Amino acid sequence: MSKDFYNATGFYEFVGEKKLMGTKCKSCGELFVPPRPVCSACHSEEMEWVEMSGKGKLEAFTVTLYGPTRMVEAGYDAKNPYCVGVVRLDEGPAISAQIFGLDLTKPEAIKIGTPMGLTFIERTEGEKKNTYIGFEAT
Ligand SMILES: [Zn+2]
């Protein structure tokens, strides 16, 4: 595969294809999601793309009532808040994304460690259709 490690483009191209990809260090096996071009463990630049299972656990979250413009335009507000969280993937790395399937009217009842599964969000923004990763409580 020839997608570029050296900027985020390759990663988001994969997201557009509904794949969550990381890079794995060919030298020491360390895994990075989002991808990195250089291994922070052994400084090797020999990386390969690997696809993640998309399964993980909720590690941290925040419920937002007053979001940025693009979230307001997507229909979120104080009466319809959204959740962004950090999911620790079964493969090890943690990634932040929008979280679905939780009762946001009772954030105090949301449990850290809730099993999560990967989902994809398609949002029309201006003229463009963008795909984002998200996670849903399973
Ligand atoms: Zn390494």
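Q: What share of the residues of the protein chain count as buried?
A: This is a predicted model, just so you know. Of the 138 residues in the protein chain, 20% count as buried.

Q: And how many helices and strands are there?
A: The chain has 2 helices and 8 strands. Going along the sequence, the pattern reads α-β-β-β-β-α-β-β-β-β.

Q: What does the C-alpha trace span along its principal axes?
A: About 50 × 40 × 20 Å.

Q: Where are the domains?
A: Domain 1 covers 9–51 and domain 2 covers 55–137. Their C-alpha centres are 22 Å apart.

Q: OK, on to the core. Which residues touch the most other members of the largest nonpolar core?
A: That core has 17 residues, and the ones touching the most other members are L20, M21, M52, V87, I99 and F135. The elements giving two or more residues to this core are α1, β5, β7 and β8 (128–137). β5 gives the most, with 3 residues.

Q: Where does this core lie relative to domain 1 and domain 2?
A: Between them, because domain 1 (9–51) and domain 2 (55–137) both give residues to this core. As a general point, nonpolar side chains tend to be buried together in soluble globular proteins.

Q: What does L20 touch, leaving out residues up to four places away in sequence?
A: L20 touches E51, M52, G54, L118 and I133.

Q: L118, then. Which strand is L118 in?
A: L118 lies in strand β7.

Q: Is L118 buried or exposed?
A: L118 counts as buried, because it has 21 C-beta neighbours inside 10 Å. Setting aside residues up to four places away in sequence, L118 touches L20, G54, I133 and F135. F100 is 18 residues from L118 along the chain, and the C-alpha atoms of the two are separated by 9.9 Å.

Q: In which sense do β6 and β8 pair?
A: Strand β6 (residues 94–100) and β8 pair in the parallel sense over 3 bridges. Here I99 stands opposite F135 in β8.

Q: And β4, which strands does β4 pair with?
A: β4 (residues 55–64) is joined to β7 (residues 115–125) by 3 bridges, running antiparallel. K55 stands opposite G117 in β7. β4 also pairs with strand β5 (residues 82–89), in the antiparallel sense over 8 bridges. There, the bridge partner of T62 in β5 is V84.

Q: Switching topic: what's the order of the open sheet of 3 strands?
A: The order is β2-β1-β3, with antiparallel pairing. β2 (31–32) and β3 (47–51) stand at the edges with a single partner strand each, so one side of each is left without a neighbour in the sheet. Strand β1 (residues 21–25) pairs with β2 over 2 bridges, and T23 stands opposite F32 in β2.

Q: Now the helix. Which residues of helix α1 are buried?
A: In α1 (residues 9–16) the buried residues are G10, F11 and F14. They sit on the same side of α1, because they cover an arc of only 105° around the axis.

Q: What do the buried residues of α1 pack against?
A: They pack against β1. Following α1 comes K18, whose phi is positive, near 60°.

Q: Last one: what percentage of contacts join residues at least 24 apart?
A: Among contacts between residues at least 6 apart in sequence, 47% join residues at least 24 apart.

Note on methods. Residues are numbered from 1 along each chain as its sequence is written. This is a predicted model: local features need pLDDT of at least 70, side-chain atom pairs count only at pLDDT 80 or more; totals for chains, interfaces and linings use all residues. Two strands pair if DSSP finds at least two bridges between them. Helices (H or I, at least four residues) and strands (E, at least two) are DSSP runs, numbered from the N terminus. A residue is buried if 20 or more other C-beta atoms lie within 10 Å of its own, exposed if 12 or fewer, and partly exposed in between; C-beta atoms are placed from the backbone. Two residues are in contact if their C-beta atoms, placed from the backbone, lie within 7 Å. The arc is that of the directions from the helix axis to the C-beta atoms. Domain bounds come from an automatic or database domain assignment. A nonpolar core is a set of buried Ala, Val, Leu, Ile, Met, Phe, Trp, Tyr and Cys residues joined through C-beta atoms within 7 Å.
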